[in-house]
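Thanks, everyone, for making the time this morning.

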Amino acid sequence: MNKFALILIALTLMAGSAFAQTTDLFISEYVEGSSNNKALEIFNGSGDLINLSEYSLLIYANGGSTPAQTIVLDETIMDTGDTFVLVNSNAGAELLALANQTSGNLTFNGDDAVVLVKSDDVIDCIGTVGFDPGSAWSCDDGSTVNNTLRRRPEICNGDNDTTDDFDVCMEWNFFVVDTFDGLGQHSTDCASVANGINKLGSVKAVYR
Ligand SMILES: [Ca+2]
Ligand SMILES: [Ca+2]
Ligand SMILES: [Ca+2]
């Protein structure tokens, strides 16, 4: 292996570890509560202003491989660090009071894959599209039914693979049913980055 290859490997490793960065929106909280208490929180950890109306939420119900619901998100300019809370229109008053947008189509109940897309590009996913897990995706800590799930602070970007196995313990912390106190803010360990920046280019620039 020549010296150039070694340097390239070192730079790639650095870009992957010391520069854990958020480049786009992701889902930071998922509420599968009692009755119609359903909500999703979307977080902008990137360094860009993002127009939310370019994004949609798709719900693939009960193992279906085409979306049962499509929810176009409202025209909203999200700044770095902003959250946006989407709530089922028939939720209770306490949850509705936290909504930035409501929709009657936000109807997941534990065994439905939830996918955030920008045009046709998958940005984030909860569950596995085309797979029916029974009543929910479960692991030792909890499941996607009758829980509030909050993205772990070390998770910097969405899960853009909708077809791989979904281990809900890998990226989420669990809170008891009808926990709403995390909605409207998100804690992260990740750095923000504007989409236009070439990561390897910026690392090279530092070490030039
Ligand atoms: Ca379902
Ligand atoms: Ca996945
Ligand atoms: Ca939150």
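If we take a disulfide to be a pair of cysteine sulfur atoms within 2.5 Å, the count comes to two disulfides. Before I describe them, please keep in mind that this is a predicted model, in which local features need pLDDT of at least 70 and side-chain atom pairs count only at pLDDT 80 or more, while totals for chains, interfaces and linings use all residues. Residues are numbered from 1 along each chain as its sequence is written, chains are lettered from A and ligands numbered from 1 in the order in which they are written, and side-chain values use heavy atoms, with hydrogens and water left out.

One disulfide joins Cys139 to Cys169, with an S to S distance of 2.0 Å, and because the torsion about its S-S bond is about 80°, this disulfide is right-handed. Cys139 lies in the loop between strand S11 (121-126) and strand S12 (147-151), and Cys169 in the loop between S12 and strand S13 (172-176), so the pair ties together parts that are 30 residues apart in sequence; strands here are DSSP runs of E of at least two residues, and helices runs of H or I of at least four, numbered from the N terminus.

The other joins Cys156 to Cys190, again with S to S 2.0 Å, and its torsion of about -90° makes it left-handed. Both Cys156 and Cys190 are buried, where buried means under 20% relative accessible area, exposed over 50%, and partly exposed in between, with a 1.4 Å probe and protein chains only. Numbering the bonded cysteines in sequence order, the pairing is 1-3, 2-4.

Turning to the metal, the calcium ion (ligand 2) is coordinated by Asp159 (OD), Asp159 (OD), Asp161 (O) and Asp164 (OD), at 2.2 to 2.7 Å; donors are N, O and S atoms within 2.8 Å of the metal, or 3.2 Å for Na, K and Ca, and since water is not among the atoms, sites may look incomplete. Asp159 is buried, at a relative accessible area of 15%, whereas Asp164 is partly exposed, at 31%.

Finally, the charged end of Arg150 sits over the ring of Phe175, 3.9 Å from its centre, the criterion being NZ of Lys or CZ of Arg within 6 Å of the ring centre and within 35 degrees of the ring normal.
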